[in-house]
Amino acid sequence: MRLFPLCCALLLSGCTEPDSEPFAASPPVSADLLQPCPGYTGPIPQSEGQVSDALVAEARGRSCANGRLQAVAEILYPLAPR
């Protein structure tokens with residue numbers, strides 16, 4: 001009689017759906033890749049030289065952000081076609 005509950009549990013487990021696919025955690029992404037890239041943070045440009053400096057700073061910030069996005073993509077999706 002002691003085996004009866006054990007047999008019932010085994011029989012009931014055979015009637016359920018199979019488990020879903022195992023969940024794989026994503027690899028860790030370093031904290032420096034998650035920090036925002038600085039762009040132009042100064043006052044509103046008043047002269048042509050200041051506008052030029054602001055554009056250069058924005059281009060550097062955008063390049064930095066795009067590089068970080070690419071690095072994060074390579075970490076999270078290593079087998080994705082490029």
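**Reading the labels on this structure**

In the protein chain, 60% of the contacts with a separation of 6 or more come from residues 24 or more positions apart, where contact means heavy atoms within 4.5 Å. This is a predicted model, in which local features need pLDDT of at least 70 and side-chain atom pairs count only at pLDDT 80 or more, while totals for chains, interfaces and linings use all residues. Residues are numbered from 1 along each chain as its sequence is written, and side-chain values use heavy atoms, with hydrogens and water left out.

Q: What makes up the secondary structure of the protein chain?
A: Two helices and zero strands.

Q: Why is Ile44 called exposed?
A: Its relative accessible area is 68%. Exposed means over 50%, buried means under 20%, and partly exposed is in between (1.4 Å probe, protein chains only). Since 68% is over 50%, Ile44 counts as exposed. You'll find Ile44 in the loop between helix H1 (3–13) and helix H2 (48–76).

Q: Why does Cys64 count as partly exposed?
A: Cys64 has 28% relative accessibility. That value falls between 20% and 50%, so the label for Cys64 is partly exposed.

Q: How do you know that Cys37 and Cys64 form a disulfide?
A: Their sulfur atoms are 2.3 Å apart, and a disulfide is a pair of cysteine sulfur atoms within 2.5 Å, so the pair qualifies. A search of the whole structure finds one disulfide.

Q: How does the reach of H2 compare with what is expected?
A: H2 has 29 residues and reaches 42 Å from its first C-alpha to its last, close to the expected 42 Å. The expected span is 1.5 Å times one less than the number of residues. The buried residues of H2 are Ala54, Gly61 and Val72.

Q: Why is Ile75 called partly exposed, and what is it in contact with?
A: Ile75, in helix H2, has 28% relative accessibility, so it lands in the partly exposed band. Leaving aside neighbours within four places in sequence, Ile75 is in contact with Pro27, Pro28, Val29 and Leu33. The C-alpha atoms of Ile75 and Ser30 are separated by 9.7 Å, though the two residues are 45 apart along the chain.

Key:
Helix = DSSP H or I, 4+ residues; strand = E, 2+ residues; numbered from the N terminus.
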